[in-house]
Amino acid sequence: MNLLEFKTEKTALILEGGALRSFFTCGVLDVFMENDIYFPCVGGVSAGSLCAINYLSKQIGRTAKVNLDFVNDKRYVSLRSLIKDKMIFNFDFLFGEISHELVPLDYETFFSNKQQKFFAFTTDCETGETKAFEKDNCSDFLTACRASSSMPVLSKEVEVEGRNYLDGGVANPIPYEWAMENGYEKIVLILTRDISYRKKPLSKLMKMMYRGKYKNHPGFLKTVYNVPEHYNEIVENIIRLEKEGKIFVIRPEEPVKVKRVDHDKEKLRELYQIGRETGGKSIKPMLEYLNS
């Protein structure tokens with residue numbers, strides 16, 4: 001289903017983050033691409049924005065290939081990178097050598113794609129508020145995607161257009177409300193947790209780590225402290241809206257075993273396959289929702 005065939009152009013696809021749990025998301029998106037399903041608007045949060053890059057460049061299998069090929073490569077993800085470069089995932093390597101030479105990103109298709117709007121959600125390090133960067137209205141959009149995916153503590157702040165940003169999941173992990181507020185009439189969510197998952201309150205150790213790292217950013221610190229409560233509230237609202245038929249949700253049916261940083265390739269392949277199977281089963285009911 002080409003995006004031009006949607007009943008309304010006010011249709012949005014929102015992709016939750018979750019680092020390597022996004023193997024579920026890229027499995028779903030690969031099935032979408034194989035069936036020529038391209039949404040008019042895509043919103044990516046954290047790792048969801050990285051998946052969305054390959055969705056707009058129409059490169060089936062690239063997200064999975066990059067992570068499977070390099071998840072055990074110290075140049076890509078390692079404690080050494082965290083200590084040396086202050087980022088557990090080495091985005092210099094990802095957006096540099098990987099994207100230009102090793103597993104090339106189709107930059108021409110990505111940047112010439114004007115049929116799909118793409119927003120990368122970040123968190124402002126000063127205010128702690130959400131900032132959505134639009135691909136065609138941002139001077140350095142791939143850096144905005146990098147900021148969207150930069151996890152607190154495990155990544156350094158990323159400057160975009162004169163301000164510093166971090167992981168979009170801190171301020172707005174699943175921005176369905178943003179889609180509604182911007183007039184999108186049909187909203188599809190791809191989540192990386194099953195319906196039973198809820199975040200636990202922050203431990204004293206985590207609060208101490210955040211306080212030590214972001215004591216000079218009180219706005220951000222307040223937001224990051226509130227992540228578990230905010231996330232759980234969002235999930236409850238999504239379940240309610242889903243029952244009311246106002247949004248359509250694609251999520252894993254069982255608890256996800258993959259960790260945010262997981263080096264077990266077999267588990268990653270399994271989650272990718274779960275994403276493909278879930279995506280395939282979701283197409284018919286999703287299209288019925290979109291065209292109702």
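In this predicted model, the lining of the second largest pocket comprises, by class, 6 nonpolar, 1 polar and 7 charged residues. Of the 14 residues that line this second largest pocket, E254, P255, E270, L271 and I274 lie nearest its centre, and the volume of the second largest pocket comes to about 280 Å³.

The largest pocket holds about 850 Å³ of space, and its lining is made up of 32 residues, with R21, K199, Y210, V227 and R260 lying nearest the centre. Sorted by class, the lining of the largest pocket has 19 nonpolar, 6 polar and 7 charged residues. At least two residues of this lining come from each of helix 8 (168–171), helix 10 (204–214) and helix 12 (227–243).

Two packed helices are described by the angle between their axes and the distance between the axes. For helix 1 (residues 23–34) and helix 13 (residues 265–290), the angle is about 45 degrees and the axes are 7 Å apart. Angles of 65 to 115 degrees count as roughly perpendicular and those under 35 degrees as roughly parallel; helix 1 and helix 13 are therefore oblique to each other, and their crossing is right-handed.

The contact of helix 1 with helix 13 has 12 nonpolar, 5 polar and 3 charged residues by class. On the side of helix 1, the residues that take part are F23, F24, C26, G27, V28, D30, V31, F32 and E34, and these meet L268, L271, Y272, I274, G275, R276, T278, G279, G280, I283 and M286 in helix 13.

Conventions: Residues numbered from 1 in each chain as written. Predicted model: local features only at pLDDT ≥ 70, side-chain atom pairs only at ≥ 80, totals over all residues. Heavy atoms only, no water. Axes fitted to C-alpha atoms, helices over the stretch in contact; angles between N-to-C directions. Helix = DSSP H or I, 4+ residues; strand = E, 2+ residues; numbered from the N terminus. Parallel < 35°, antiparallel > 145°, perpendicular 65-115°, else oblique. Left-handed = near helix turned anticlockwise from the far one by under 90°. Contact = heavy atoms within 4.5 Å. Nonpolar A, V, L, I, M, F, W, Y, C, P; charged D, E, K, R; others polar. 1 Å grid on protein atoms, 1.4 Å probe; cavity = no way out; pocket = protein on both sides within 12 Å on 5 of 7 lines; lining within 4 Å. Points joined across faces, edges and corners; volume = space filled by probe spheres on them.
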